[in-house]
Amino acid sequence: MSGYERCPVDVLTGFLGAGKTSLLRRLIAVDALRDTAVLVNEFAALPVDDRLVSIAGAPVGLIGEGCICCVSDGNLRAALISLLDARESGAMPPFQRVLIETSGLADPGAILAALAADPMLKPRLRPGRVVTLVDLVHGEATLGDSAEAVAQIVCADAVFFTKRDSAGGLEAARLAATINALNPLATIVPEDVADPFAWPLPGSGDVVRSRALRRFHAVPVEPRHLEIAAGLLTAEAPIEWSHFAAWLSLLLHRHGTAILRMKGEVAIRGDGAVSAVMVQSVRHVVHAPEHLDRAEGTALVVIARGLDPAAIEASFRRHVTGEATSGGQERVAV
Ligand SMILES: Nc1nc2c(ncn2[C@@H]2O[C@H](COP(=O)(O)OP(=O)(O)OP(=O)(O)O)[C@@H](O)[C@H]2O)c(=O)[nH]1
């Protein structure tokens, strides 16, 4: 039997692009993840969050491709067991807490329910806190059209608003009212708090959570993400930034509401040298590109709703890389 007590599992969730990785990086910077094993899950195949968090110097584990709540919960289970075994054998530092960053489409209620029911994990882990990030710029639209975002609110212990610098106080007040109606048990963490996991919650966390989970199961949310699909854009050679920027701007202008998220690295051709940037968009909003130390090649994940990723790829090849397409029909007219 292990000499460790049951380890709390905290869950950091929030819809695509809500700011989960950014918060993780800030927590690392203020040393709030000391003694914490971090597991990161991506919906799409490219683990770019690993690279982003690695920039901030944290050890992270990745839980494969897919969304842990409904595609690969076996992966999450295996990752947790190997973490705990490594801690017991001394192969890992003696962490006191596990923090799971879910994919933007995860249903955290399903994750916690699966962990609580697992005979191998139950004696070694206990539920911690679910913190749901809500993006003030896109939160209202997302809660209006995405069952996944609603599910993330419904099982939150705490909700933390992000992108306050890009939105007014009115959005915060409106969203707080919506959130309160969806989940009156969720505490809205004040904006100046650095670590929402450390903000005190009213009452016992376990009592609050079990009530929240009951409430969650009463809500008819379809946890499968059938109409959402991810694609990967790659290029054999570094690309011309101006071509890429023009293509992206037209694509988002025309299909911004269908393109939920784009994230990844673009290798750019320069004067005799290749540079690389991390490019991100959330719906139609493109965030400032972040320069990377080294170029590993263009690899961009696109997550779209109701738009075939193969058509986006065909458009990208035609307008940006100039590479021949494999005969896919180009339905994304940009
Ligand atoms: N203006 C502003 N931008 C932010 C803030 N937090 C995050 N962002 C930007 O929003 C984009 C998405 O942030 P991420 O931290 O990658 O979001 P995420 O939730 O991890 O995204 P997924 O893993 O794809 O679901 C990035 O370009 C961030 O720089 C914020 O508070 N203000």
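How many of the residues of helix α6 (residues 147-154) are buried? I counted seven of its eight residues as buried, which leaves the helix mostly covered, where buried stands for under 20% relative accessible area, exposed for over 50% and partly exposed for what lies in between, with a 1.4 Å probe and protein chains only. The buried residues in α6 are E148, A149, V150, A151, Q152, I153 and V154. I took helices (H or I, at least four residues) and strands (E, at least two) as DSSP runs, numbered from the N terminus.

Before going on, I note that this is a predicted model, in which local features need pLDDT of at least 70 and side-chain atom pairs count only at pLDDT 80 or more, while totals for chains, interfaces and linings use all residues. Residues are numbered from 1 along each chain as its sequence is written, and side-chain values use heavy atoms, with hydrogens and water left out.

**Strand β12**

I looked up R305, which is found in strand β12 (residues 299-305), and at 18% relative accessibility R305 counts as buried. Its side chain is joined to that of S146 by a polar contact of 2.8 Å; such a contact is a pair of N or O atoms within 3.5 Å, and within protein one must be able to donate a hydrogen and the other to accept it, with residues adjacent in sequence counting only if both atoms are side-chain atoms.

**Aromatic rings**

I then turned to the rings of Phe, Tyr and Trp (its six-membered ring), which pair if their centres lie within 6.5 Å, planes under 30 degrees apart counting as stacked, over 60 as edge-to-face and the rest as tilted. By this rule I have three aromatic pairs. W241 and F244 stand three residues apart in helix α9 (residues 241-255), about one helical turn. W241 is partly exposed at 31% relative accessibility, whereas F244 is buried at 1%.

For W247 and F316 I found ring centres 5.3 Å apart and planes at 65°, so this pair is edge-to-face. The pair links distant parts of the chain, with W247 in helix α9 and F316 in helix α10 (residues 309-321), 69 residues apart. W247 is buried at 3% relative accessible area, and F316 is buried at 0%. Ring pairs link W241, F244, W247 and F316 into a cluster.

I also checked for charges over rings, which needs NZ of Lys or CZ of Arg within 6 Å of the ring centre and within 35 degrees of the ring normal. R87 lies over the face of F95, 4.8 Å from the ring centre, and the charged end of R97 sits over the ring of F197, 5.2 Å from its centre.

**The ligand**

Which residues are closest to the ligand? Of the 17 residues that surround the ligand, the closest are K20, T21, S22, D165 and R261, a residue being near if one of its heavy atoms lies within 4 Å. A nitrogen atom of the ligand is 2.8 Å from an N or O atom in the side chain of D165, and an oxygen atom of the ligand lies 3.0 Å from a backbone N or O atom of K163. I noted that α1 (20-29) gives the most to the shell around the ligand, with three residues.
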